[in-house]
Amino acid sequence: MASQRSFTLNTGAKIPAVGFGTWQAAPHEVERAVETALRCGYRHIDCASIYRNETEVGAGIKNSGVKREEIFITSKLWNTHHDPKDVESALDKSLKDLGTSYVDLYLMHWPLSFKSGPKFFPLDPQTGVFQLSDTPLADTYAAMEKLLETGKAKAIGVSNFNIRHLTELLAKCTIPPAVNQIEKHPYLQQKDLAEFCKSKNILLEAYSPLGNNQTGEPRTVDDSKVHEVAKKLGQDPGQVLVSWGVQTGHVVLPKSVTESRIKSNFNDEILPEWAMRELNSLERHKRFNFPARWGFDIFDEGGVETVKKIAQEAGEENKTKFIV
């Protein structure tokens, strides 16, 4: 049985502790998955324009029969719309696609800007290297702050920000971010960042809470110790990782298009101390989602020159892989 736990944002609004993620969900699958999730009891849906499935997410919400005011909906500003003049129109597009007049939370998806334009992935036509922009993050965020006055967004925040990004933003912004959505699971616990966000009253949300298959490596949910803990508790491994995240103190956003897993991931429970210790011991500082090919050292972990080299080497492949 789901615990129905929630957290409180710095705005005072409640946010369900377990949300339904829609990243890497194909449009024809995500409509049914969202409807299933809401019928199972989820009341928090995490979306983004770059997922390119918000129209289908909106259809799934409508088909579920659940009232809009009962659902916490998040969307995200994509990198090509960081120019302050583009921010509100980007949100308007998401609102139209989702079939709603407002989102409960609107996040800056990444702490870097792409060249403005109609393409999600602007590439240099000759080299295939991503075209970045020097739009300051603080300017983009200031435009997001104005969205609150329109009522189109009830709260704003960021995603994939590290301590440096947050420190620089907090020094300039008027309204502190309500949320920082990051990759977080027992392989990548990011305790320093978690403590920093807690000290600033910024709630963490975890995407890829089970790990993901971006790199083709075994996911956190595939770990033998996770399976051992799950077996002892009589639970599903994914359910155990969701429970670990909520108990650690952050929102968890599992994603699945399989009905049985959608249901089990929602059934977070209080884990015993021994289980938490076992899961905490899995720290590997393993990041599954690091888009180095963008040519920007997002997390200050790869090295500027190394990332630039990766970006240049990926140029030819980019021309066929990133065509939208």
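Which residues does Tyr 106 touch, not counting residues up to four places away in sequence? Select Ser 75, Lys 76, Leu 77, Val 87, Ala 90, Leu 91, Met 144, Leu 147, Ala 153, Ala 155, Ile 156 and Gly 157. Contact here means heavy atoms within 4.5 Å.

A word on the model before moving on. This is a predicted model: local features need pLDDT of at least 70, side-chain atom pairs count only at pLDDT 80 or more, and totals for chains, interfaces and linings use all residues. Residues are numbered from 1 along each chain as its sequence is written, and side-chain values use heavy atoms, with hydrogens and water left out.

**The cores.** Stay on Tyr 106. Together with Met 144, Tyr 106 has the most contacts inside the largest nonpolar core, which has 75 residues. Such a core is a set of buried Ala, Val, Leu, Ile, Met, Phe, Trp, Tyr and Cys residues joined through side-chain atoms within 4.5 Å. Buried means under 20% relative accessible area, exposed over 50%, partly exposed in between (1.4 Å probe, protein chains only). Now select Tyr 51, Phe 114, Trp 294 and Phe 299: they are among the 15 residues of another core, apart from the largest one.

**The sheet.** Color the strands next. Helices (H or I, at least four residues) and strands (E, at least two) are DSSP runs, numbered from the N terminus. Two strands pair if DSSP finds at least two bridges between them. Eight strands form an open sheet with parallel pairing, in the order S3-S4-S5-S6-S9-S10-S11-S12. S3 (20–21) and S12 (251–252) are the edge strands, each pairing on one side only.

Go to S6 (residues 105–108). It runs parallel to S9 (residues 156–159), joined by 3 bridges. Tyr 106 has Ile 156 in S9 as its bridge partner.

**Strand S11.** Select residues 203–207. In this strand, 5 of 5 residues are buried. Leu 203, Glu 205 and Tyr 207 lie on one side, Leu 204 and Ala 206 on the other. S10 (residues 179–183) pairs with S11 in the parallel sense over 5 bridges; Gln 181 partners Glu 205. On to S12, which pairs with S11 over 2 bridges. There, Val 252 stands opposite Ala 206.

**The cysteines.** Last stop. How many disulfides does the structure hold? It has 0, a disulfide being a pair of cysteine sulfur atoms within 2.5 Å. For Cys 173, the nearest cysteine sulfur is that of Cys 197, 13 Å away. Cys 173 counts as buried at 17% relative accessibility, and Cys 197 is buried at 0%.
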